[in-house]
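The sequence and structure are shown first.

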Amino acid sequence: MWRRCAVVFEPADPPRAGRLAFWSPDGGPPPDDLPGDDGELTVAVPDGAGVTVSTVAARRLPVGTALPLLADAGAEADAHPAAAFWSTAADVALHLVARGRLLPGVSPAGLDAWRVGPLDADDVGRIGALGAAMPGWARAVPVPAAGGVRLPEAYPLLRAFLDAVADDLPRDRDADGTAYAGWAPRRVDGLRDWAAEVAAGVRVSLRLEVPGGDPAAGPWQAVVQVHGLADPGLVADVAPVWAGAAAGFDARAPQDVVLAVRRAARVWEPLRRLLSGPVPDRMVLGDDEVAELVDGAARRLAAAGVAVHWPREVERDVSVRALVGAGSGGSGAAGGRVFGAGALLSFDWQVALRGEPLTAAELEVLAAARRPVVRLRDRWVLVAPEVVTRARAGSLPAVAAVDGLAAVLSGSTVVGGEPVEVVADGWLARLRERLATPDSATPDSAVLDGAGLPAGPDAGVAVPAGLTATLRDYQVRGLRWLVRMTSLGLGACLADDMGLGKTVTLIALHLHRQADPATAGPTLVVCPATLLGNWEREVRRFAPGVDVSRFHGPDRSLDAVTDGFVLTTYATMRLDAARLARFGWALVVADEAQHVKNAGSLSARALRMVAGGAGARVALTGTPVENNLDELWAILDWATPGLLGPRTVFRRRWADPVESGDEAAARGLARLVGPFLLRRRKSDPDVVPELPAKTQTDRPVALSVEQVALYEAVVREALARLPDTAGMARRGAVVSLLTALKQICNHPAQYLKEDEPMLAGRSGKLELLDELVDAIVAGGGAVLVFTQYVAMGRLLRRHLRGRGFGCELLHGGTSLPRRQELVDRFQAGAVPVFVLSLKAAGTGLNLTRADHVVHFDRWWNPAVEDQATDRAYRIGQTRPVQVHRLVAEGTVEDRIAAMLSAKRELADAVLHSGAAALTELSDAELAELVVLR
């Protein structure tokens with residue numbers, strides 16, 4: 001394992017040619033998992049008496065090759081101290097480069113070379129501390145010394161490594177020989193003076209002063225201070241540095257000051273005035289310039305390494321926030337619902353000094369201010385012009401109540417294109433806490449006291465008497481949450497894992513709402529056609545006496561509907577959206593809501609129309625995010641319109657930052673959507689006791705000789721053709737290649753489309769499936785076998801029946817009556833093996849007779865596989881469930897299995913998955929993915 005190796009850096013000229021040498025402290029050869037060149041290395045290993053010089057076998061890697069390896073070595077507990085050190089050094093180097101801390105230079109040999117810089121005080125301190133901590137192992141390549149050898153100095157060696165990284169990363173190995181751009185060394189001796197001029201050896205800061213000590217009277221001045229880069233404690237005003245009277249600064253310091261001030265002036269234009277005088281030491285600031293500094297210029301200068309130091313006697317801790325809640329309770333709310341259509345909330349600007357809101361009188365003083373400094377609470381206070389403007393405005397226009405709630409939950413809103421902190425007051429603050437803690441025992445009546453609207457039911461919602469089921473604890477909590485959200489006029493997304501009882505929870509919600517005339521009425525359930533029968537049976541089972549009818553088929557009608565459940569499909573809803581929209585639904589439920597994850601689809605638009613006048617909306621799905629955050633937006637924007645804003649705004653404000661790794665944005669989005677999305681997994685502590693164990697195993701299988709020959713032939717032919725294709729033709733060719741390889745991995749007969757094939761002995765997967773089925777059936781078990789290909793399903797059914805096993809096949813072409821007949825036969829134990837098409841049977845079925853699930857081939861998205869597994873692993877299952885995923889070794893399946901495993905760990909993040917992503921791979925990347933190993 002290379003992390004247990006000792007690592008040393010060998011500098012070179014130019015710096016990018018430096019290499020890191022890996023060698024085994026125990027004297028053995030370096031590990032085989034390292035790319036690079038083998039050779040010998042003379043090392044001086046520190047011991048108690050000094051150093052012991054020896055020659056060891058080493059593998060040398062260029063800096064660019066070693067960086068990805070070093071990136072995560074420091075996090076490993078068993079990493080060698082030298083590997084851990086250089087990993088930390090790599091992190092520092094990458095951080096500097098990412099911040100643009102790069103300067104062009106000329107190496108001692110006269111070659112073009114980038115180096116890190118300019119460095120601020122924090123950078124210098126961090127690098128110095130790291131150099132001081134360098135272990136002897138990390139600098140074990142000896143250098144000549146009087147009377148023998150010694151270890152090199154730590155700090156210069158560390159700086160050489162940082163410069164090597166800086167010299168490597170900006171370059172394009174395919175570029176021409178242009179200096180500082182291409183990889184090949186270029187002689188630039190004539191640029192040495194220019195490079196020295198560019199690299200100022202100092203940094204500057206601004207100290208603001210008020211001569212006379214009266215901020216309201218005298219003009220402000222900015223005094224330039226000089227800081228030594230090598231010594232963070234070295235600081236002086238420009239005047240003595242210019243006169244050569246400041247200890248610690250050399251003769252180049254004045255020139256370096258001019259360069260530093262010139263760079264600062266690019267950030268804040270007024271600093272150019274310093275360059276017009278004989279000495280750039282100080283300048284008088286107008287009120288407008290002081291205001292600019294307060295209003296953001298100081299922040300921009302600090303980001304560029306130029307700190308601004310304000311007078312201690314002047315207070316700057318003034319904040320402005322949007323206050324919502326007090327006195328804004330649901331103006332115009334419809335139907336007594338706090339967040340119904342037409343409900344409005346108003347925002348007021350709240351200005352605070354050190355976190356304490358200003359009084360009305362203090363706000364008047366602030367609003368009347370004509371200078372950036374005012375006297376408040378016996379202190380001089382610097383105030384940005386924007387704060388004064390908002391203090392004068394007093395309030396913002398009223399917004400839709402749901403928009404105000406979204407701002408309160410996320411903690412911010414956008415005003416004039418800029419984010420503004422939002423705080424809640426009164427009943428809205430209590431409601432925010434209530435939504436954030438759904439299991440709280442605080443009754444809603446206490447939460448909403450003072451809102452001026454009817455209170456919702458309290459947290460002690462009882463299971464309806466008409467429900468003939470015993471709800472589990474987590475289902476009761478889900479019911480209470482749904483009652484609370486719908487009673488407030490808010491939508492909800494119940495996103496429990498498949499099999500945790502979302503249907504019975506929703507039936508309980510319907511029964512609860514019937515007890516109140518204000519919420520009673522018919523419930524419309526929109527679901528895939530395959531779930532109509534399941535919904536009808538569940539309603540009749542758990543709510544006997546409640547009417548349930550289907551709005552489906554050629555004779556569909558709503559004439560007799562007055563209450564109860566009406567079931568329809570997404571396809572029927574699209575055809576009859578206007579008719580359904582005219583009916584007064586008390587509740588609209590979108591089951592398997594991922595079917596409308598594309599907000600622009602016909603189904604999604606029709607669902608919005610149908611639910612337009614509904615009393616409440618609930619989305620049910622086990623996978624609120626399958627591929628990207630736009631899907632989450634589509635579901636929640638249907639359930640609670642306006643919560644996340646328009647899709648373009650949502651993407652700009654939330655999705656794009658979250659996808660780019662912005663942790664603050666991820667936390668803000670979680671705060672915003674958390675109250676509207678109840679997500680429970682089967683692994684959650686309060687759910688685990690309700691279910692038996694589940695074991696998932698990847699089962700690698702070897703290809704048969706025939707499969708190997710077919711696989712290699714298809715890869716060879718496809719890769720030879722790809723360079724001649726482009727655009728859509730290339731994408732289609734890649735999809736065809738991947739499909740062909742997956743079919744070959746299943747069975748040659750599937751790929752060759754043989755009519756009456758001999759199946760035995762030709763596929764490693766089929767042989768393993770035979771072994772599994774033999775053992776499962778012999779032990780009295782039952783098994784579900786999922787495949788994404790109907791043709792493969794037919795081959796499996798024929799093969800298993802030929803071996804004497806009772807086996808049925810369900811796919812997308814199976815009629816609804818036949819589908820239910822097959823499910824009933826399997827559940828009754830008439831057959832032990834059920835082969836299913838993954839796409840057609842991955843949702844909506846209850847197949848708890850099975851205690852084994854076999855994924856014969858892999859789908860592109862792990863969430864889809866999880867849904868299929870949940871046909872057996874769900875409430876009602878009493879035995880442990882074994883999941884077997886068959887993977888052809890060394891093939892594209894093997895690599896995709898690794899990718900799916902990584903994606904499963906990011907199930908709630910953005911998942912750009914599927915064959916569409918793979919079609920964008922380069923020819924080399926595609927070859928790496930598909931070539932047989």
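## Cavities, hairpin and confidence

Val596, Ala599, Ala604, Leu607, Arg608, Ala634 and Trp638 line the largest cavity. Two elements each give two or more residues to this lining, namely helix 19 (602-610) and helix 20 (629-639). The greatest share comes from helix 19, with three residues. In terms of class, the lining of the largest cavity comprises six nonpolar residues, one charged residue and no polar residues. The space in this cavity amounts to about 40 Å³. The model is a predicted one, and its structure holds two cavities of 30 Å³ or more.

The second largest cavity has a lining made up of Val204, Leu206, Val224, Val261, Ala264, Leu271, Leu274 and Val306. Here the elements that contribute two or more residues are strand 9 (202-209) and helix 7 (253-267). The class count for this second lining is eight nonpolar residues, with no polar and no charged residues. Its volume is about 30 Å³. The table sets out the two cavities side by side.

| Cavity | Volume | Lining by class |
|---|---|---|
| Largest cavity | about 40 Å³ | six nonpolar, no polar, one charged |
| Second largest cavity | about 30 Å³ | eight nonpolar, no polar, no charged |

A further local feature is a pair of strands. Strand 19 (residues 373-376) pairs with strand 20 (residues 379-382) in the antiparallel sense, over four bridges. Within this pairing, arginine 375 has tryptophan 380 of strand 20 as its bridge partner. The two strands, strand 19 and strand 20, form a hairpin with two residues between them. In the turn, arginine 377 has a positive phi of about 50°.

The confidence of the prediction should be read alongside these features. Averaged over the chain, the pLDDT is 80, and 80% of the residues score at least 70. Over residues 326-336, however, the pLDDT is below 50.

Methods:
Residues numbered from 1 in each chain as written. Predicted model: local features only at pLDDT ≥ 70, side-chain atom pairs only at ≥ 80, totals over all residues. Heavy atoms only, no water. Pairing = 2+ DSSP bridges. pLDDT = per-residue confidence, 0-100. Contact = heavy atoms within 4.5 Å. 1 Å grid on protein atoms, 1.4 Å probe; cavity = no way out; pocket = protein on both sides within 12 Å on 5 of 7 lines; lining within 4 Å. Points joined across faces, edges and corners; volume = space filled by probe spheres on them. Nonpolar A, V, L, I, M, F, W, Y, C, P; charged D, E, K, R; others polar.
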